[in-house]
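This report describes a single protein model in plain terms. Look over the sequence and the structure before reading on.

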Amino acid sequence: QLVGCASVGPPTVNRDRFDYVVAISQSFKRQTLLNLVKTRYLDMPVYMDISSVISQYALEGQLGFEFAPSASENNLLLGQAKYTDRPTITYSPLTGEKYTRSLLAPLPVSGVFMLLQSGYPMDVILRICVQTINGLDNRRSGAVAAREADPRFAEVSSSMRDLQEMNGLYFRIESSAKGVQIETVFRPPEDAMAKAKIAQLKQSLGLNADASTFPVVFGAVARDNTEIAVITRSMAQIMVEYAADIDVPQSDVDEGRVNPTRVVSQSSHAKPMRLIRVHNGAAPPDDAYTAVFYRGQWYWVADTDIVSKASFQFVMTLFSLTERQAASNLAPVITVPTN
């Protein structure tokens, strides 16, 4: 009797690696959208991280030959093959201290200003990630502490965006033994328009008109006119802001299950703009960027809505700015064999 065993590992790499990438990406988008919709309904968001994916394969074969005891009987050729595919996926619930760090703690100021330094539009970053800058409050959504933004906050955001496009200011971020040091630096104005914009921004923020470099600190109000104080939002606050723009069935509003969708503009010439447009309906969408089913309704982001897709992708990117510790130290691990 002959016995053989062949490895099927190498051929699976091209197939499985990309299949898992697609599957994990799609599940992350659906989980994010579901939690935004749950936040809209004042339901607690729940996150499950995929800690590891292990695939085990085995291909075994047996081949035997039996000789007949006499010429009148036929010889027998026996064969047997067995293929085993045993993927194992490990999930880590986001709970306890990890939940606090990831969702409830403010985004690190250095991370937010790295986004600004890398070229993200300043008005967009400030509107999404910053709650106050030198005492000027951003808009607050939600069922308890909702209020409109200080008009000067929008002016500051617009001025910083204009100076960004004029190359009139930049940010210096340095690490040292004392921590991360952040400075906002105004370049010498190249023309009268840039000079006027810089003067207007400094006046709005209460900054020293003669200085060109200002350290950035975490806080509600600056100690004096030589620094910029910023309070960043947490991911939970950012999710509340996104959720406020989600369209919901009018029947749920009429029955008091959810607040009405706030009225904002989709035009870049009006502020504030809608952060994201999420549609809803009784039937699943035919062509969606991502879609979830919740409370008997389908919710989705249209695949043709470039603005909403980019904004949705950005909120997922922001999770990388939150401080996360090893899941094994902070939460139970669930390992699920999927065969």
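**Basis**

This is a predicted model, in which local features need pLDDT of at least 70, side-chain atom pairs count only at pLDDT 80 or more, and totals for chains, interfaces and linings use all residues. Residues are numbered from 1 along each chain as its sequence is written, and side-chain values use heavy atoms, with hydrogens and water left out.

**The chain as a whole**

The secondary structure of the protein chain comes to ten helices and 13 strands. Helices (H or I, at least four residues) and strands (E, at least two) are DSSP runs, numbered from the N terminus. The protein chain has 339 residues, and 40% of them are buried. Here buried means under 20% relative accessible area, exposed means over 50%, and partly exposed lies in between (1.4 Å probe, protein chains only).

Among contacts (heavy atoms within 4.5 Å) in the protein chain with a separation of 6 or more, 63% join residues 24 or more positions apart.

**The nonpolar core**

In soluble globular proteins, nonpolar side chains tend to be buried together. A nonpolar core is a set of buried Ala, Val, Leu, Ile, Met, Phe, Trp, Tyr and Cys residues joined through side-chain atoms within 4.5 Å. The largest such core in this model holds 62 residues, and the members that touch the most others are Phe-113, Ile-133, Tyr-242 and Leu-318. Leaving out residues up to four places away in sequence, Ile-133 touches Phe-153, Val-156, Leu-205, Ile-228, Ala-229 and Val-230.

**Paired strands**

Two strands pair if DSSP finds at least two bridges between them. Three strands make an open, antiparallel sheet in the order S10-S12-S11. Strands S10 (279-281) and S11 (288-294) are at the edges with a single partner strand each, so one side of each has no neighbour in the sheet. From one strand to the next, the twist averages 25 degrees.

S10 and S12 (residues 297-302) are antiparallel and pair over three bridges. Gly-281 has Trp-298 in S12 as its bridge partner. Helix H9 (residues 306-318) packs on this sheet and touches S11 and S12; the direction of H9 makes about 70 degrees with that of S11. For such angles, axes are lines fitted to C-alpha atoms, for helices over the stretch in contact, and the angles run from 0 to 180 degrees between N-to-C directions.

Elsewhere, S6 and S7 (residues 179-186) run antiparallel and are joined by eight bridges. A hairpin connects S6 to S7 through two residues. Leu-169 has Phe-186 in S7 as its bridge partner.

**Salt bridges**

A salt bridge is a side-chain nitrogen of Lys or Arg within 4 Å of a carboxyl oxygen of Asp or Glu. By this rule there are 13 salt bridges. The table lists some of them.

| Pair | N to O distance |
|---|---|
| Arg-161 and Asp-123 | 2.7 Å |
| Lys-197 and Asp-162 | 2.8 Å |
| Asp-247 and Arg-274 | 3.5 Å |

What do these pairs join? Lys-197 is in helix H6 (residues 192-205) and Asp-162 in helix H5, so this pair ties together parts that are 35 residues apart in sequence. Asp-247 lies in the loop between helix H7 (235-243) and helix H8 (250-254), and Arg-274 in the loop between H8 and S10, so this pair ties together parts that are 27 residues apart in sequence. Both Asp-247 and Arg-274 are buried.

Arg-161 forms its salt bridge with Asp-123. Arg-161 belongs to helix H5 (residues 151-165) and Asp-123 to helix H4 (residues 122-129), so the pair ties together parts that are 38 residues apart in sequence. Arg-161 is partly exposed, at 25% relative accessible area, while Asp-123 counts as buried at 16%. A network of salt bridges links Asp-123, Arg-161 and Glu-165.

**Two loop residues**

Leu-42 is not a glycine, yet its phi is positive, near 60 degrees. Leu-42 sits in the loop between helix H1 (9-40) and strand S2 (48-66) and is exposed, with a relative accessible area of 67%. Asn-167 also has a positive phi, about 60 degrees, without being a glycine. Asn-167 lies in the loop between H5 and strand S6 (169-176) and is partly exposed, at 45% relative accessible area.
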